[in-house]
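Biologist: I would like to check some labels on a model. Please give me the value and the cut-off each time.

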Amino acid sequence: MKNIDTAFKQMRMVSLVVVVGSVVLCCYVIYKCFSVAMTAQDKVFVLANGKALEAYASERKDNVPVEVRDHIKTFHGFFFNLSPDEKVINENITKALYLADESAKRQYDNLKEGNYYSNIISGNIRQEITIDSISLDIDHYPIYFLCKATQVITRSSTIVHRSLVTEGYLREVSRSDNNPHGFLIERWKILENKDISVENR
């Protein structure tokens with residue numbers, strides 16, 4: 001009877017250890033599976049030019065400076081890259097005005113009243129902009145920016161290089177097809193727009 005009682009206690013202890021070990025192992029496996037699944041949800045593979053690229057999801061606040069700079073660059077590109085084609089000009093200006101408030105519309109109206117766009121079309125002038133630098137103050141809201149750029153204006157007889165400096169503020173708005181970054185430029189001003197050099201063609 002003594003041996004039976006000892007054997008029973010030992011079997012009970014072994015069984016208890018096996019059950020507890022199984023529960024711990026199951027919990028660990030469930031935890032690892034869950035963490036792997038969550039990690040897999042944060043990345044996606046994008047096919048570009050026949051190559052699979054791995055992309056990671058992140059919080060918006062992690063990418064605010066990048067998105068803000070691209071928004072400013074896109075706006076200035078649409079507003080200042082002009083061809084001697086009325087349809088192209090109207091399309092670009094329409095896209096630019098989705099990215100800014102009435103301050104950009106005022107600038108456009110002033111240029112239009114001064115026959116700026118008509119002169120580009122009649123003179124077969126091409127205007128391109130290159131962004132040199134964008135300074136941001138993301139510690140304050142709305143976000144302040146100072147954009148320095150170079151304009152190249154190609155006329156039939158000359159090529160003009162101009163210095164362009166603008167400033168403004170950005171606030172967050174809902175993302176849309178017309179405004180994929182979800183920012184709106186406010187109080188936009190042209191601080192400087194002067195000739196740097198003129199070359200004869």
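Modeller: Below, a few labels are set against their cut-offs. Keep in mind that this is a predicted model.

Biologist: What is the order of the elements from the N terminus on?

Modeller: They run α-β-β-α-α-α-α-β-β-β-β. That is five helices and six strands.

Biologist: What makes glutamate 167 and lysine 189 a salt bridge?

Modeller: Their closest N and O atoms are 3.6 Å apart. The cut-off is within 4 Å, so the pair qualifies. The pair links distant parts of the chain: glutamate 167 is in strand S5, lysine 189 in strand S6, 22 residues apart.

Biologist: Why is glutamate 167 called buried?

Modeller: Its relative accessible area is 15%. Buried means under 20%, so glutamate 167 counts as buried. Lysine 189 has 44%. That value lies between 20% and 50%, so lysine 189 is partly exposed.

Biologist: How do you know that glutamate 186 and arginine 171 form a salt bridge?

Modeller: The N to O distance is 2.4 Å. This is within 4 Å, so the label holds. Glutamate 186 sits in strand S6 and arginine 171 in strand S5, 15 residues apart. Glutamate 186 is buried at 15% relative accessibility, while arginine 171 is partly exposed at 31%.

Biologist: Why is valine 20 called partly exposed?

Modeller: Valine 20 has a relative accessible area of 46%. Exposed needs over 50% and buried under 20%, so valine 20 falls in between. Valine 20 lies in helix H1. Together with Met13, Leu16, Val17 and Val24, Val20 makes a nonpolar surface patch of about 490 Å².

Definitions and conventions
Residues numbered from 1 in each chain as written. Predicted model: local features only at pLDDT ≥ 70, side-chain atom pairs only at ≥ 80, totals over all residues. Heavy atoms only, no water. Helix = DSSP H or I, 4+ residues; strand = E, 2+ residues; numbered from the N terminus. Patch = residues over 30% accessible without salt bridge, like charges linked within 9 Å, V, L, I, M, F, W, Y side chains within 5 Å. Areas by Shrake-Rupley, 256 points an atom, 1.4 Å probe, with all protein chains shown as cover. Salt bridge = Lys/Arg side-chain N within 4 Å of Asp/Glu carboxyl O. Buried < 20%, exposed > 50% of the residue type's maximum accessible area, 1.4 Å probe, protein only.
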